[in-house]
Amino acid sequence: MKKVKIYVTLRESVLDPQGSAVKESLVNMGYKEVEDVRIGKYLEVLISDTERDIDALVKEMCEKLLANTVIEDYRFEVEEAN
Amino acid sequence: MKFAVLVFPGSNCDIDMYHAIKDELGEEVEYVWHDATDLSKFDAILIPGGFSYGDYLRCGAMASQSNVMKAVKKAAEEGKPVLGVCNGFQILTEAGLLPGVLLRNQNLKFICRTVQLKVENNNTLFTNQYEQGQIINIPIAHGEGNYFCDEETLKKLQEKNQIVFTYSGENPNGSLSDIAGIVNERGNVLGMMPHPERAVDALLGSADGLALFKSIVKQWRESHV
């Protein structure tokens, strides 16, 4: 069994109004050092042992469903799961 | 002419769409559940608004992978009219039938009110009953209607006249180039955030949406009679 940790983030070129609102809040709370906030998604996917190439498999899942590559980038890490 | 209204778990404008076709337009219409695999008996496909799959992950993302969307792709390839409204527009972009994506509204608020649209292209099978440049009143109701695409795609949309409706006067959601609705290159797939099916009778505040459905019927009659 593998645990795949997938991070989906908005591309640099895409405005993130949610992130901007959170940034304003942090600054207003006194964290003047905060320059920018970008909000993304974190997914954990458990995958049973398979003969298929796991990197290719996860890439396909990301491209087809988990990320919209028009506006999002993704990266992932594969770990052994207990 | 026979219309299909697709229904996903979480669709909530399907009944309005059905009513518009059956009672206001006077054409045949049927609901089609999302696991259907064959749409061959229908002449046009309507994808209604709502919150398919609770808008989980991204609006329209999971609906775009459903069985029925494979049949919608086939219908689109055959040249049948496909109209996606609101969540239907989001599903069409996620399915790759239309370019771009709908982002959160710039002000992060759900906006529900009637807006003015400008008909930018009346030379489509969806808009032939409007005047070029006509201003129409159609309601919007969305939290994610902020159209976005890369510069290259935008240029192509402009060059090929694929921008069909724009917001007139004020841009409610931050959409790129005030875009409210676009067609694919072939012109038979239209996605739009505003709800024409909610504007089909003066009693509803506006009947300006009815001409869109009449356009579809006119085009179909002309090519099938």
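Trainee: Which residues does B:L6 touch, not counting residues up to four places away in sequence?
Mentor: B:L6 touches B:S11, B:D14, B:V32, B:L39, B:I45, B:L46, B:I47, B:P48, B:V68, B:M69 and B:V72, where contact is heavy atoms within 4.5 Å. This is a predicted model, in which local features need pLDDT of at least 70, side-chain atom pairs count only at pLDDT 80 or more, and totals for chains, interfaces and linings use all residues. Residues are numbered from 1 along each chain as written, chains are lettered from A in the order written, and side-chain values use heavy atoms, without hydrogens and water.
Trainee: Which residues touch the most other members of the largest nonpolar core?
Mentor: B:L6 is one of them, along with B:F3, B:L39, B:M69, B:F165, B:L212 and B:F213, in a core of 71 residues. A nonpolar core joins buried Ala, Val, Leu, Ile, Met, Phe, Trp, Tyr and Cys residues through side-chain atoms within 4.5 Å; buried is under 20% relative accessible area with a 1.4 Å probe, protein chains only.
Trainee: And what about a second core?
Mentor: That one is separate and has 11 residues, including A:L43, A:I54, A:C62 and A:Y74.
Trainee: Switching to the interface: how many residues of chain B are in contact with chain A?
Mentor: 14, against 16 residues of chain A. The two chains bury about 1200 Å² between them, 67% of it on carbon and sulfur atoms; that is accessible area (1.4 Å probe) lost on being put together, summed over both.
Trainee: Which side chains meet in a salt bridge there?
Mentor: B:R58 and A:E72, at 3.7 Å, N to O. The rule, a side-chain nitrogen of Lys or Arg within 4 Å of a carboxyl oxygen of Asp or Glu, finds one salt bridge across this interface.

Key
Buried < 20%, exposed > 50% of the residue type's maximum accessible area, 1.4 Å probe, protein only.
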